[in-house]
Amino acid sequence: MLALIIALSLVQHPHDEPVMRMQMTDPLGISMERLGSGTTWIPDAVPLPSRHYMAGPWMFMVHGIGFVQYDNQGGPRGDDQLGSLNWAMLMVSRDVGGGRIQARTMLSLDPATVTARGYPLLLQNGETHNGEPLVDRQHPHDFWMELALMYERALTRELGITAYVAPAGEPALGPVAFMHRPSAMDNPIAPLGHHWQDATHISFGVITMGVFGHHWKLEGSVFNGREPDEERWGFDRIRLDSYSARFSAHLDSSWTLAAGYGYLKSPEALDPNEPTRRATASVLHGRSLGRAGQLAAAVVWGTNRHQGRSTHSVLAEAEAVLDPRNTVYGRLEFVQKSAEDLVLAGFAAESTFRVNAFSLGYIREVLRTRGATVGVGVQGTVNAVPAPLESAYGSRTPVGSVIFLRIRPLHASHTSAEPRMSDHH
């Protein structure tokens, strides 16, 4: 996967970035690069790094990131691991029938490079391995992260319709998935609130229909409400047993808002008869820092109502690409997790604890080509647990750290992107 990302990033084309940026518009003239994960929107001012090429009427986009990381999580429930987190995306699109059709796939080798158990991450929970809950570890992505077809068409100068069909994809529910948020794109570690916020970004079976204007979008989905199973390489059984709705707003090139609600019929493999009701809201901000830098920030809230109890999560994160060589980022989280979530003995399963985490990271770019950048990074995390959990974690403030090598495509110059950011209205 790293080799694929490197190859896609380094490929050059005689009609590269500046020309393509001005051609990539959706119906109603909306920038195509406003799309985040699934059908979400990100601020126009901070597009994700990618490469774009034209072949006749077809436009190709390649996007991805690869990390090789050493992850060390301290305390009696911690662990360490040398592995690789990675994914690559290919998208093709063209005009059809008065609108535009887009096909895309996103793949990851996580099941091999961090194993089916995923990677160590204190206070994390979600999904299973060998029939047991994963706890203090983050599960790997499935090989098939997305395989989807989307069609968009303008009905009038102010109104369009959209349809998204995916054997593997993302329903209209949560915020932009963490690996596609400009505020988190260079952070290799998943949020602790992942299963309260954006865990449905891999659902095996999604149909989404929506209407949109220049600055708003309303969508509804039917989808598979079960988390991916332990077989990470193939497709899970496709079900359409759950539903969701989401409203998104593009205030200007620097701000997007979204709020969603969903009913998940059977999200947990170990508790298949219990549905979850999830609500989420997010605010994303972004702006350029000179020609080569950008600042992106996000605030995300998510809540799950499960077995008659509601638990909440809040995340605030930011990333600053200061210049071509230096990037800093950080994340602050507050999450309510139960004794059942954290597999804690000696407590009633419904006992709820607020856990906190603060992470700070820095990346120094060490190699830069026309198409890609390679950086060396370090990240430290200080967690905070309540007194009843001190004995389990060995401290009220257990810590974790990650050192890594990262490769991803370059951002285009913000100056060359200016025609795109005007929205062509």
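L322 is partly exposed in this predicted model, because its relative accessible area of 45% falls between the 20% limit for buried residues and the 50% limit for exposed ones. The residue sits in strand β15, which covers residues 309–323. Strands β2, β17, β18 (372–384) and β19 each bring at least two residues to the patch, and the greatest share comes from β17, with three residues.

Nonpolar residues also gather away from the surface. The largest nonpolar core holds 40 residues, and those touching the most other members are W87, Y119, L123 and L389. Several strands supply at least two residues each to this core: β2 (58–73), β3 (80–96), β5, β16 (326–338), β17 (352–368) and β19 (399–409).

Across the whole structure, a search finds 14 salt bridges. In one of them, the side chains of R100 and E152 meet with a nitrogen-to-oxygen distance of 3.4 Å. This pair links distant parts of the chain, with R100 in strand β4 (residues 99–107) and E152 in strand β7 (residues 144–154), 52 residues apart. Both R100 and E152 are buried.

Another salt bridge joins the side chains of E146 and R104, at 3.1 Å from N to O. Here too, distant parts of the chain are linked: E146 lies in strand β7 and R104 in strand β4, 42 residues apart. Are these two residues buried or exposed? E146 has a relative accessible area of 4%, so it is buried. R104 counts as buried because its relative accessibility is 4%, and the cut-off for this label is under 20%.

E127 and R232 form a further salt bridge, in which the closest N and O atoms are 2.7 Å apart. Because E127 lies in strand β5 (residues 119–129) and R232 in the loop between β10 (216–223) and β11 (242–252), the pair ties together parts that are 105 residues apart in sequence. E127 and R232 are both buried. Salt bridges can also join into a network, as they do among R181, D198, E317 and R331.

Conventions:
Residues numbered from 1 in each chain as written. Predicted model: local features only at pLDDT ≥ 70, side-chain atom pairs only at ≥ 80, totals over all residues. Heavy atoms only, no water. Salt bridge = Lys/Arg side-chain N within 4 Å of Asp/Glu carboxyl O. Helix = DSSP H or I, 4+ residues; strand = E, 2+ residues; numbered from the N terminus. Buried < 20%, exposed > 50% of the residue type's maximum accessible area, 1.4 Å probe, protein only. Core = buried A, V, L, I, M, F, W, Y, C linked by side-chain atoms within 4.5 Å.
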